[in-house]
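Please consider the sequence and the structure shown below, which are taken here one part at a time.

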Amino acid sequence: MAKPMRRQMVVRALARAGCLVKADTGNHTKWVCPCGQHSASIPRHNVTSPGVITSTIKRMACLPEGWLQ
């Protein structure tokens, strides 16, 4: 099971993997993978819950394994 992570660490990992911000409105930031077929919403909390981490890893299927470490 994933552990809670600081939002800043998740955002940095997504940016390093080549993901781009698609929408930055409301309570979440929507990220799109480099291929453009997968997306994930990251809430704007200081700490991202384990469920969101697991969901993000599954949604960003085109990214290499271990990208969020």
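Predicted model: local features only at pLDDT ≥ 70, side-chain atom pairs only at ≥ 80, totals over all residues.

Residues are numbered from 1 along each chain as its sequence is written, and side-chain values use heavy atoms, with hydrogens and water left out.

Helices (H or I, at least four residues) and strands (E, at least two) are DSSP runs, numbered from the N terminus. Strands β3 (residues 28-32) and β4 (residues 39-43) pair in the antiparallel sense over five bridges; pairing requires that DSSP find at least two bridges between two strands. W31 has A40 of β4 as its bridge partner. Six residues lie between β3 and β4 in this hairpin, and G36 in the turn has a positive phi of about 85°.

The structure holds one salt bridge, defined as a side-chain nitrogen of Lys or Arg within 4 Å of a carboxyl oxygen of Asp or Glu. The side chains of R44 and D24 form this bridge, at 2.5 Å from N to O. Because R44 lies in the loop between β4 and β5 and D24 in the loop between β2 (20-23) and β3, the pair ties together parts that are 20 residues apart in sequence.

T56, in helix α2 (residues 50-59), is buried at 3% relative accessibility, where buried means under 20% relative accessible area, exposed over 50% and partly exposed in between (1.4 Å probe, protein chains only). Leaving aside residues up to four places away in sequence, T56 touches A40, I42 and W67, contact meaning heavy atoms within 4.5 Å. T48, in strand β5 (residues 47-48), is buried with a relative accessible area of 1%.
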